[in-house]
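Here are some notes to read beside the model.

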Amino acid sequence: MLKAWYSFLLCWLSLQLEANPGLKVRITQKGLDYGRRIGMELLKQEVLKETFPSWSGQESFSIVKVNYVISRLRINAVDFPESSASFIPGTGISLSVVHASATISADWKMNAWLLSKDQGGITVSISGLFIAVIIEVSRDSTGRLSVLLHNCQTSINSVKVKLSGGSSWIYSFLSGSIEKPVHTKLNKNLCLNIKYKIQMMDAHLRKHKVLSQIDAFVQIDYSLVSSPAVFKSHMNLDLKGTVYPLGKHTDPPFVPAPFALPDKDDSMLYLGVSSYFLKSASLAYYKAGAFNITMSKELATTFNLNTALFKDLVPEIALSYLTACPMLLKLMATSPPVISLNADRCILQITGCVEVFAVLPYSTTQYIFAGNLTASTRVYLTITKQKLIISLLLKRLQFSLLHSILGFSEMSLAENFLSYALQSAVIPEINDKLGKGFPLLNLAHTTLTGPVIKINPGHLVIATDVDYKRKEGGDEDLHSHS
């Protein structure tokens, strides 16, 4: 019995670990190269802000011992003329910098026996700097991306030290003696500083929100379902991509089907959106009541929805109300809207019931009729900044009457009225709710450029480049805190 339970547990765990994603992100070599260029520019800005601790030493010249202190180190210039980045299959990302150079300035103080104290400035010129690091990427226990320094190698070809401000002859000899400890200290500390920076990056990633609120109705789980899959030409990130009603975190009664991204590398990023993601969004909005709409009197007035307007559509209504009265609609979805993805087409079908009222003088309402309806809408998808924007267009409407205080001569007349009301007032209100969009990425100061959406059976693919523009004086962090 124990062996059977053990086997069951292993099978269950394997199913959990191999869960299919609702969203996929692929970073290509083109995207990695762009990230490297942006990263190098940000690194330059960061390095120029760096501060370094003081250090002291002692040098001997015959019978003279000189004690010195180097303080207020600061980098005045840095140059990374050649850099490269590549994917390391099964591990992560390799970054290398060659022929880098830097100029460092500092203050010095010296004290020697038989000589007076002296002080001045020091300039350190570094050239031929080589740095090669491998960053390991993985998924932590909370579903966040994790980074770790896997390997680091550095070398410096030349370190030149020049002292200024001193008055004693011995300091000209001391310049050459300081070069070796400066060279050794830089070689020793470069990888330690790189490791610290990557640890800081990892600490920030651990604070990154994986459950993001989209609007007043829903939130999206962007957690990784598995560690990043790194190949020679690209890296894949598989995200859970489940949409939940706000404040609730119960998984939907269906699971994602497997899907694949195209084997292309023309764009920096390829984003895969499964029908599971869209189905979970439909269910979440349905549970949150987003598809239940009561048209206000003001909205009815705005779109001229009144009894007089429909004398040709529903003559029975016009005849029953000699004075034109605003008409109100109350719509309630009776099941989650059904989304279907076919070749180059996305259809959303909404099933629900509708009640129609007339607003009489003194704002009292009178019930007119009620029925069931099925609205088939064409879904249009666009990309704005980092968001997938969804909008609906009514294509077909079917209506069946349940009850009415009037006798309709033709049911098609009621359908005409409802079709007009949906197109002019109801669907625009739904589109307004959907207008905030679904964030596909969470990178600060970044927009998607030239996105192309391809709808396939069961999923859609967005091929896009990215553009990073940091606001002056803004946060240099690539991850948004919103």
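1. Cysteine 346 has a relative accessibility of 3% and therefore counts as buried, where buried means under 20% relative accessible area, exposed over 50%, and partly exposed in between, with a 1.4 Å probe and protein chains only. Cysteine 353 is also buried, with a relative accessible area of 19%, and cysteine 152 counts as buried at 17%.

2. This is a predicted model, in which local features need pLDDT of at least 70 and side-chain atom pairs count only at pLDDT 80 or more, while totals for chains, interfaces and linings use all residues. Residues are numbered from 1 along each chain as its sequence is written, and side-chain values use heavy atoms, with hydrogens and water left out.

3. Which cysteines are joined by a disulfide? Taking a disulfide as a pair of cysteine sulfur atoms within 2.5 Å, the count is 1, and it joins cysteine 152 to cysteine 191 with an S to S distance of 2.0 Å. The pair links distant parts of the chain, since cysteine 152 lies in strand E7 (residues 145-164) and cysteine 191 in helix H3 (residues 170-207), 39 residues apart. The link of cysteine 152 and cysteine 191 is left-handed, with -90° about the S-S bond.

4. The chain has 7 helices and 22 strands; helices (H or I, at least four residues) and strands (E, at least two) are DSSP runs, numbered from the N terminus. An open sheet of 6 strands has the order E10-E11-E1-E13-E22-E21, with antiparallel pairing, and two strands are taken to pair if DSSP finds at least two bridges between them. Its edge strands are E10 (229-230) and E21 (446-456), each of which pairs on one side only.

5. Helix H4 (residues 275-287) lies across E1, strand E13 (269-274) and E22, running at about 50° to E13. Axes here are lines fitted to C-alpha atoms, for helices over the stretch in contact, and angles run from 0 to 180 degrees between N-to-C directions.

6. For the chain overall, 46% of the 482 residues count as buried. With contact meaning heavy atoms within 4.5 Å, residues 24 or more positions apart account for 68% of the contacts with a separation of 6 or more.
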